[in-house]
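Visitor: Could you walk me through the charged pairs in this one?
Guide: Gladly; here it is.

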Amino acid sequence: MLSACSTPCDAPGQLCAPIESNTRALLPPPPPPVPAPLPKPAAPEPVTFAVAVPDITSYDDSGKANVAPMTGTPATGTAQDMPAATAPAPSDGKIHHIGLLLPLRSASLGPAASLLRAGFMAAYERDRSGFEVAVIDTGDGSADVLDKFAQAQQEQDIVVGPLSRSAVTAVANSDLVKKPTIALNHPDNRGEARLPARLLVMGLSIEAEARQVAAWAASEQPRANALILSANSASQRRTSTAFKQEWLRQGGSADQVDLTATNGYLGDAELVQLRARLSSNPPALIFAALDADQARQLRVAIGPDLPLYGTSSLNPGLGRGASGPELDGARLLDLPWQVQRDHPQVMVYPQPPQPADGRLTADMERLYALGIDAFRVAREVALRPEAPFTLDGVTGRLAVRYDGGQARFERTEQAATYQQGVVGTWPPKPVAEQAPVLPAAQ
């Protein structure tokens, strides 16, 4: 399954749809394409705005937190400048061969693989000088993936993939990783097990988002009591568990309530009971491991007084979800691709192709963005062998480093908040007036 996406992950093939200065071409890049006008939604859409988050943490590929100490009073909201991104690496005069392993003909993973490939190739077209990409189709089975992976390790300089969690697990447990490899998902049940030294894991992770939200909330509500809410999906339970672990590590206390959802809707009786509980014993904040519609039902039932935090699952994407002010003030993390589409670092890439019968889901949009950043990371890895670098990516602030030869990857996502549930897709303020993305731990 794909581990970053915000919809349930119990689909065939273990696809989890939930959900870390750009490199430049060697020659001056062509003028950024002018994005095609987005279709006007049939109904008003909520607006997400970027906000500053001080002292936020990032997480490496093993899930280990990189947390700055939380001291002093809560943050005032003053925007902090991001450390400068690593300067783009110049060409070394070689042709670097990249193998992109994706299950393109898979019944369950094919659509996701195709969209990720589209993002990867969009980034390749902008920075292709000195690189050649071979797209390698794999099957669903681990045996076929390992066979194709072993062949790619012989023929390519860098391998990007595989995509499914089970396939990444098979690669991580093998002895096949001899060349730089960028996995597009996280292996299962690694615990403290050491990954192959040249394996860089950069898949999106809803659990990492939850931990990052916990550190953010702790910087604003230090050592407070949090109420953690989730419904009855596996991904929501994993999200709430990840938040709770980090929240307790930050010194807070927590109560947890599992709500019942039928066809995606929370039960009225449970919401009435929750409202009564909050009236008599309110927490300092609520973390909602819910989707946008469920969070909206929650806000209607309990009101907007308590601070509400969540992950990217609170953002259903453009043209999806009911409009209205119910989620105003709710805070979440998401990819710059989703909440800063008018940012220059995002606008230089074309939007993904849309299906004829509607719009892509937010999760599929995130996979396209992951493809963009996967090429950009692969390019830097090729041109900076075992050298640390940082990128302002479309999936967040990206950092790669090497500890004793072990590759480490970190992503710090963009903070956002709902404001003014009125017509509009992205913030009306100029980009220069918006808060920067979160500072990545160095």
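Visitor: Before that, what kind of model is it, and how are residues numbered?
Guide: This is a predicted model, in which local features need pLDDT of at least 70 and side-chain atom pairs count only at pLDDT 80 or more, while totals for chains, interfaces and linings use all residues. Residues are numbered from 1 along each chain as its sequence is written, and side-chain values use heavy atoms, with hydrogens and water left out.

Visitor: OK, how many salt bridges does the structure hold?
Guide: The structure holds 20 salt bridges, a salt bridge being a side-chain nitrogen of Lys or Arg within 4 Å of a carboxyl oxygen of Asp or Glu.

Visitor: Which residue does D137 meet in a salt bridge?
Guide: The side chain of D137 pairs with that of R105, at 2.4 Å from N to O. D137 lies in strand β5 (residues 131-137) and R105 in the loop between β4 (96-102) and α1 (110-126), so this pair ties together parts that are 32 residues apart in sequence. Helices (H or I, at least four residues) and strands (E, at least two) are DSSP runs, numbered from the N terminus.

Visitor: And is R105 buried or exposed?
Guide: R105 is exposed, with a relative accessible area of 74%, whereas D137 is buried at 18%; buried means under 20% relative accessible area, exposed over 50%, and partly exposed in between, with a 1.4 Å probe and protein chains only.

Visitor: Switching over, what about R296 and E326?
Guide: Their side chains meet in a salt bridge at 3.8 Å, N to O. Because R296 lies in helix α7 (residues 292-302) and E326 in the loop between β14 (308-310) and β15 (331-334), the pair ties together parts that are 30 residues apart in sequence. R296 counts as buried at 8% relative accessibility, while E326 counts as partly exposed at 27%.

Visitor: Which residues are linked with R296 in a network of salt bridges?
Guide: D293 and E326 are linked with R296 in that network.

Visitor: Last one: where is E380?
Guide: E380 has its place in helix α10 (residues 362-383) and is buried, with a relative accessible area of 1%. The side chains of E380 and R384 meet in a salt bridge at 2.5 Å, N to O, and R384 is also buried, with a relative accessible area of 15%.
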